[in-house]
Each structure stands twice: as structure tokens, then as C-alpha cells.
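Colleague: Could you walk me through the pockets and the strand pairing here, and tell me what stands behind each label?

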Amino acid sequence: MKIDVLTLFPDMFAPLDHSIVGRARTIGQLEVNYINFRDYSTNKHQKVDDYPYGGGAGMLLTPQPIFDAYDAIEKTRPRVIITTPTGRPFTQRVAEEWAKEDHLIFLCGHYEGFDQRIHDELATDEVSIGDFVLTGGELAAMVMIDATVRLLPDVLGAQASHEDDSFSTGLLEYPHYTRPADFRGLKVPDVLLSGNHAKIETWRREQSLLRTHRRRPDLLEQAGLTETDKKFLESLRD
Ligand code: 6GU
């Protein structure tokens, strides 16, 4: 996968040199380029923003530097993603779709955002990472890149897997324990030491349901529950 990031702050992306995304680049699954669109400004002071028509607070990113930076990218049919709090929610499903693509381009906004013609002409996706406002799109783009790239083949080690991740199943993940079985009197649940795999599976499923019921009941509607799951949830309500 190739990812091009159009940003005024390329240095902010240092975190992506590390950990799993760093590994994806090392093993050749990923190429990432940072393009400072200020370099494409034809203004003599390299200005990239201007006042909004019609008045109002804040400055907007102007079309010229971003269109020219975009035109300079070699591409066939990329997804062009604008990170914005006005976008549709970024979810695990979105990451799964993007992980199938060859080429993603991220446009990171600042100030009050982009001139609308940038949205209309360039963007294929406008996406938000939650109902809060960040100072710029860079942190959001990093979050989306991390969540997408870890799904590429061979990026997670042989041991790790994402099939059981929270949200992959539509439910929150169950709790995990490792050694020791007794830490300062805090015991690991007996069932996990029992060696009974059927019982362990049942316990994990119920813990997922319990956690999702308590913390994210909104997820239960879409989760594809079995009759057994529904009975268990009924028993919680009683
Ligand atoms: Cl994608 N961008 C910005 N600037 N703020 C956000 C966001 C994105 N998602 C939530 N808040």
C-alpha cells in the first residue's frame, strides 16, 4: 500500500516511524510520503490560507496549493480522505475497507478547514475519529493510518491476530489474564485454569456480552447475536 499525506506539519508524523506501522514499512508492505502543500503555494509568501467569503471567524485553506500538490502525485484511482470533525465516523469497518486499497491520500486540514471546492473535487471520503474537535487533521490521520495498516497482510506478527479484536466481532473484547494465577491475592478466574475449552469459550462470549451491555449497549443492535447470547443478556436485565 502507498499512502500520501498532504499536511502543513510533516514532522508531526514521527510516531508512524515506530512500532507496527514502522514494521509495515520495513517489511515493504507500506510506503508513506509526506507532502507539505505549502511548497506548492504560488504566493510570494507561500500563503496557504485566506479569509472566508461572507465573513466569519477563522481562516480557510485555499484551493491552489492543495490542487497543485494533488496533481503532482502519481496515481491511478486513489481514495482521497479528508480528516474532519464533520465527516462520517471512522470505524473498524472503514479500516477494513481501506486495507484492501493500493493507494490512500490523506488531506489534513487546519484552521477552520478547507475551501468547499477541495471537498467537492478531490475527496472520496470525509471521516471523523469522534465527536470532539482537534486542532488539526494530523492526529486523526495518524489514528486512521495505524488502524488501517495493522490489517495489511503480515504486519502483525505470526502470534498476534486481529480476528478477536474488539469490534471485529461487533462486541467489545473479553478480559485477558496471564501468570501468576494469584497476584497479591488477586485470582485469575477458575474457568481459565480449567483446561475445558468449551467452558472457556462460553465464559469469554459472556464476558464480551456483559462488557458491551455495560459500556456500549449501542453496539448490541448490530452485533449478530445468537439465541444463546440473547438469553444471557435477558438474564442480565432480570
Ligand atoms: Cl478527523 N479532524 C479534526 N480536526 N478534528 C477531529 C477529527 C478530525 N475527528 C474528530 N475531531
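Colleague: What makes up the lining of the second largest pocket, by class?

Modeller: The second largest pocket has 5 nonpolar, 4 polar and 3 charged lining residues. Ala, Val, Leu, Ile, Met, Phe, Trp, Tyr, Cys and Pro count as nonpolar, Asp, Glu, Lys and Arg as charged, and the others, Gly among them, as polar. So Arg93, Arg216 and Asp218 in that lining are charged by this rule. This is a predicted model, where local features need pLDDT of at least 70 and side-chain atom pairs count only at pLDDT 80 or more, while totals for chains, interfaces and linings use all residues. Residues are numbered from 1 along each chain as its sequence is written, and side-chain values use heavy atoms, without hydrogens and water.

Colleague: Which domains does that lining draw on?

Modeller: Domain 1 (2-149) and domain 2 (164-237) each give at least three residues, with bounds from an automatic or database domain assignment.

Colleague: Why are strand 1 and strand 2 said to pair?

Modeller: Pairing needs at least two bridges found by DSSP; strand 1 (residues 2-6) and strand 2 (residues 31-35) have 5, in the parallel sense, so they pair. Strands here are DSSP runs (E, at least two residues), and helices are H or I runs of at least four, numbered from the N terminus.

Colleague: What makes the crossover between them right-handed?

Modeller: With the strands pointing away from the viewer, a right-handed path from the first strand over the helix to the second runs clockwise. The chain goes from strand 1 through helix 1 (residues 19-26) to strand 2, and this β-α-β crossover is right-handed.

Methods. 1 Å grid on protein atoms, 1.4 Å probe; cavity = no way out; pocket = protein on both sides within 12 Å on 5 of 7 lines; lining within 4 Å.
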